[in-house]
Every structure is written in C-alpha cells, then in structure tokens.
Amino acid sequence: RLNYGFIAGTVSPDGEALDAYVLGINKPVETFQGVCTAIIHRLADDDDKLVVVPEGFELSDKAILEQVEFQEQFFKSDIFCK
C-alpha cells in the first residue's frame with residue numbers, strides 16, 4: 001500500500017508540483033511529513049517521484065520498487081536512494 005501526492009509549493013521539470021509516493025503508512029492520509037529516502041527517476045520523461053517515509057522507517061531498494069511497481073509499470077525508471 002502507498003499514498004500518492006505532491007509537495008505543495010514546488011515545481012518539477014514537467015511544470016507540475018513535485019510528486020511523492022508515501023510508503024510505510026497503511027492508511028490514506030491527506031497530509032504527511034516524513035523523510036525523502038529515494039527518488040524514482042523516470043528515464044523517458046520529466047516526472048520524477050520522491051519516495052517519502054516516516055522518520056526512522058527503512059526500506060530496501062527492492063522493497064521500494066515492489067511497492068511502486070503498479071504505478072511505475074509503464075515507465076522505464078531507475079531508483080536513487082540516500
């Protein structure tokens with residue numbers, strides 16, 4: 001499970017607010033404050049996604065990719081982690 005949203009007050013290269021996947025929270029949230037632990041970099045367009053988790057929460061690269069797979073299945077992406 002994941003939440004999907006945007007970072008208010010930002011602009012990404014595609015002209016829209018910077019998008020974020022919120023992982024590690026198993027219920028829908030309207031707002032969230034956490035730590036950016038990775039970036040999903042889409043190779044074919046300018047629409048990268050931040051991966052944000054609760055402070056102190058850790059996920060492996062493999063776990064992140066598994067959780068965002070459905071949303072990213074049609075895009076060629078790389079993952080960059082801290």
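**Entry on the model.** I note before anything else that this is a predicted model, and I keep that in mind for each value that I write down.

**Entry on aromatic rings.** The ring centres of Tyr-4 and Tyr-21 lie 5.4 Å apart with their planes at 50°, so I wrote the pair down as tilted. I then looked up where the two residues sit: Tyr-4 belongs to strand S1 (residues 3-7) and Tyr-21 to strand S2 (residues 18-22), so this pair ties together parts that are 17 residues apart in sequence. The reasoning rests on the cut-offs, because buried means under 20% and exposed means over 50%, with partly exposed in between.

**Entry on salt bridges.** As a reminder to myself, side chains of opposite charge can pair when their charged atoms come close. I found 5 salt bridges in the structure, and I followed Arg-42 through two of them, starting with its bridge to Asp-47 at 3.5 Å from N to O. Arg-42 also meets Glu-72 in a salt bridge, here at 2.8 Å from N to O. Arg-42 lies in strand S3 (residues 35-42) and Glu-72 in helix H1 (residues 61-72), so their pair ties together parts that are 30 residues apart in sequence. I checked burial as well: Asp-47 and Arg-42 are buried, and Glu-72 is buried too. Which residues are linked in a network of salt bridges? I listed Asp-19, Arg-42, Asp-47, Lys-49 and Glu-72.

Lys-62 forms a salt bridge with Glu-66, with 3.9 Å between the closest N and O atoms. The two residues are 4 apart in helix H1, which means that about one helical turn separates them. Lys-62 counts as exposed, with 60% relative accessibility.

**Entry on the largest pocket.** I noted a space of about 260 Å³ in the largest pocket. Its lining has 13 residues, and those nearest the centre are Gly-5, Phe-6, Val-22, Thr-31 and Phe-32. S1 and S2 each supply at least two residues of this lining, and S1 gives the most, with 5 residues. When I sorted the lining by class, I had 8 nonpolar, 4 polar and 1 charged residues.

Methods
Residues are numbered from 1 along each chain as its sequence is written. This is a predicted model: local features need pLDDT of at least 70, side-chain atom pairs count only at pLDDT 80 or more; totals for chains, interfaces and linings use all residues. Side-chain values use heavy atoms; hydrogens and water are left out. Rings of Phe, Tyr and Trp (its six-membered ring) pair if their centres lie within 6.5 Å; planes under 30 degrees apart count as stacked, over 60 as edge-to-face and the rest as tilted. A salt bridge is a side-chain nitrogen of Lys or Arg within 4 Å of a carboxyl oxygen of Asp or Glu. Buried means under 20% relative accessible area, exposed over 50%, partly exposed in between (1.4 Å probe, protein chains only). On a 1 Å grid over the protein atoms alone, a cavity is a set of points where a 1.4 Å probe fits but cannot get out, and a pocket is an open set with protein on both sides within 12 Å along at least five of seven lines; lining residues have an atom within 4 Å of a point. Grid points are joined across faces, edges and corners, and a volume is the space filled by probe spheres set on the points. Ala, Val, Leu, Ile, Met, Phe, Trp, Tyr, Cys and Pro count as nonpolar, Asp, Glu, Lys and Arg as charged, and the others, Gly among them, as polar.
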